[in-house]
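Subject: Structure handover

Hello,

Here is the structure for your files.

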Amino acid sequence: MSYQTLLTSLEDGIFTITINRPDKLNAINKTVMEELGLAVAEIYNNPAIRSAIITGAGPKAFVAGADITEFMGLSKEEGMAIAKKGHDIFFSIERSPKPIVAAINGFALGGGCELALSCHFMIAAENAKFGQPEVNLGLIPGYGGTQRLVQLVGKNRAMELLMSGRTVNAQEALTMGIVNEVVPQENLLARVKEILTLINSKAPIALTKVIDCVNNFDHSKRGYDYEVAQFGECFATEDMKEGVNAFLEKRKADFKGK
Ligand code: COA
């Protein structure tokens, strides 16, 4: 299958999905989200695929977030619909019966960090940068970040990252347990393929059951539904309009708490 915003390739049972909007730092617009859903369906349905990699095109970004230009003028209900759609697709990544590894080749911010968090684990290049900067836009993460980040780094660190919106580099992400390994950028895909080649030699049904059992460690979906509602609420605030406008106008936001 061919895509407008993704590049895909299948080699030795490893399916590589590359989000391909490098001039926009691979920001997830509607088409990217739609096509990610279709590419994940390929992982589920194509028996030649044993495992997959998700990465970003170009040397600078994995994914710099949801496409902010699509947020302007959206209602609360439309905000909730965006979050819900993202949740469905990111759940399909998390619950994939075949391993999916994120290869982080630069900025993984906002929805990009959340996409990486929905993969089974992450390997990062030395230039990788992680963060949930939604508070700068008068928003909160809407693709599972408030839930999966807590699971990965614990409450204290998640609170600080989500409230400050600050970016952490690859070494700090390694210390926090966000990523499993940090490698030079030129070795990133080769290293992930090496790890997946080992994993692909294991029993497929056992791998599916590992993924399923790990995901069932905490089966509560309540927090995710709550996040959808709260993300939608942000769209009814003046602060969110100000934050998005300020980004588009390349200026600092002036938040009023309204
Ligand atoms: N949505 C839409 N466009 C985005 C984007 C996003 N999340 N992130 C980057 N872009 C676009 C920029 O607007 C710019 O487009 P332009 O060339 O048409 O002006 C292009 O990608 C390159 O980004 P730029 O900001 O010039 O690169 P930089 O190296 O100066 O800064 C970042 C990189 C990641 C720090 C900065 O792009 C940024 O803060 N992005 C937004 C991150 C964010 O808030 N994500 C969460 C969204 S919910």
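Predicted model: local features only at pLDDT ≥ 70, side-chain atom pairs only at ≥ 80, totals over all residues.

Residues are numbered from 1 along each chain as its sequence is written, and side-chain values use heavy atoms, with hydrogens and water left out.

Domains

The chain is assigned domain 1 (6–200) and domain 2 (204–248); such bounds come from an automatic or database domain assignment. Their C-alpha centres are 13 Å apart. Contact (heavy atoms within 4.5 Å) links 37 residues of domain 1 with 26 residues of domain 2. About 2,700 Å² is buried between the two domains, and carbon and sulfur atoms give 73% of it. Buried area here is the accessible area (1.4 Å probe) that two parts lose on being put together, summed over both.

There is 1 salt bridge between the domains. A salt bridge needs a side-chain nitrogen of Lys or Arg within 4 Å of a carboxyl oxygen of Asp or Glu. Lys 76 forms one with Glu 233, with the closest N and O atoms 3.5 Å apart. On the side of domain 1 that touches domain 2, helix 2 (76–94) and helix 4 (145–153) each give two or more residues. Helix 2 gives the most, with 9 residues. Helices are DSSP runs (H or I, at least four residues), as are strands (E, at least two), numbered from the N terminus.

Cores

A nonpolar core is a set of buried Ala, Val, Leu, Ile, Met, Phe, Trp, Tyr and Cys residues joined through side-chain atoms within 4.5 Å. Buried means under 20% relative accessible area, exposed over 50%, partly exposed in between (1.4 Å probe, protein chains only). The largest core holds 58 residues, and Ile 104 and Phe 130 have the most contacts inside it. Helix 1 (residues 30–45) supplies its largest share, 6 residues. Both domain 1 and domain 2 give residues to this core, so it lies between them. A second, separate core has 13 residues, including Ile 14, Ile 53, Ile 195 and Ile 199.

Leu 109

Leu 109 sits in strand 6 (residues 107–109). Its relative accessible area is 14%, so Leu 109 is buried. Beyond four places in sequence, Leu 109 touches residues including Val 63, Lys 129, Phe 130 and Thr 167.

Best wishes
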